[in-house]
Amino acid sequence: MACTITATDNAPAAIGPYSQAVSTGSFVFVSGQLGIDPGTGELVSPDFELQARQALDNIKQIVFASGCRMKDVVSVDIFISNLSNFSTLNDIYAEYFKDPLPARAVVEVNGLPKRASVEIKCIVCKG
């Protein structure tokens, strides 16, 4: 099965050897997104809330560039450096995802690239 690569200037360029997203068949696999400003390539702030919003904005731009909508997201994996931010994460997340809500996992991790507070990746089902 053929793969299609998605790349958009509306989300940060990859900071390693990977694509922003890869589509195959009915699925789009969006790579983990940090709270990086696409214009500067740097974290928007040390603040968890601002990073989470930017990471979700980056996800949204890649999903749109793949020809899909946020309601097409079927699974989300979130990695946070401090589980005490779980409640804040839920509040922000609810602004981006509505019913039917995607499946989700949230995992506390010891470290993320660029010393980020949050990284978010997702799987999208086209159409």
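Reader: Leaving aside its neighbours within four places in sequence, which residues is Q51 in contact with?

Author: In this predicted model, Q51 touches G35, L43, V44, S45, P46, A116, S117 and V118, once neighbours within four places in sequence are set aside. Q51 itself belongs to helix α1.

Reader: Why is Q51 called buried?

Author: Buried means under 20% relative accessible area. Q51 has 1% relative accessibility, so Q51 counts as buried.

Reader: What makes R53 and E49 a salt bridge?

Author: The criterion is a side-chain nitrogen of Lys or Arg within 4 Å of a carboxyl oxygen of Asp or Glu. For R53 and E49 the N to O distance is 3.2 Å, and the pair therefore meets the criterion. Both residues lie in helix α1, four residues apart, about one turn of the helix. An α-helix has 3.6 residues a turn, so residues three or four places apart point the same way.

Reader: Which parts does the pair of R53 and E95 tie together?

Author: The side chains of R53 and E95 meet in a salt bridge at 2.6 Å, N to O. R53 lies in helix α1 and E95 in helix α2, so this pair ties together parts that are 42 residues apart in sequence.

Reader: How do you know whether R53, E49 and E95 are buried, partly exposed or exposed?

Author: R53 has a relative accessible area of 23%, so R53 is partly exposed. E49, at 33% relative accessibility, counts as partly exposed. E95, at 47%, also counts as partly exposed.

Reader: What makes E42 and K114 a salt bridge, and where do the two residues lie?

Author: Their side chains meet at 3.9 Å, N to O. The cut-off is within 4 Å, so the pair qualifies as a salt bridge. This pair links distant parts of the chain: E42 is in the loop between β3 and α1, K114 in the loop between β5 and β6, and the two are 72 residues apart. E42 is partly exposed, with a relative accessible area of 46%, and K114 is partly exposed at 37%.

Reader: How many salt bridges does the structure hold?

Author: The structure holds five salt bridges. Among them are the pairs E42 with K114, R53 with E49 and R53 with E95.

Reader: What is the phi of K114 and of R115?

Author: K114 has a positive phi of about 60° although it is not a glycine. R115 also has a positive phi of about 60° and is not a glycine. Most residues other than glycine have a negative phi, and most peptide bonds are trans.

Reader: Why is R115 called exposed?

Author: Exposed means over 50% relative accessible area. R115 has 80% relative accessibility, so R115 counts as exposed. R115 is found in the loop between β5 and β6.

Reader: Where is a cis peptide bond found, and what is its omega?

Author: The cis peptide bond joins D99 and P100, with omega about -5°. P100 is in the loop between α2 and β5.

Reader: How do you know on which side of α2 its buried residues lie?

Author: The buried residues of helix α2 (residues 86-96) are L89, I92, Y93 and Y96. They cover an arc of only 105° around the axis, which puts them on the same side of α2. These buried residues pack against α1 (48-65), β4 (73-80) and β5 (103-108).

Methods:
Residues are numbered from 1 along each chain as its sequence is written. This is a predicted model: local features need pLDDT of at least 70, side-chain atom pairs count only at pLDDT 80 or more; totals for chains, interfaces and linings use all residues. Side-chain values use heavy atoms; hydrogens and water are left out. Buried means under 20% relative accessible area, exposed over 50%, partly exposed in between (1.4 Å probe, protein chains only). The arc is that of the directions from the helix axis to the C-beta atoms. Contact means heavy atoms within 4.5 Å.
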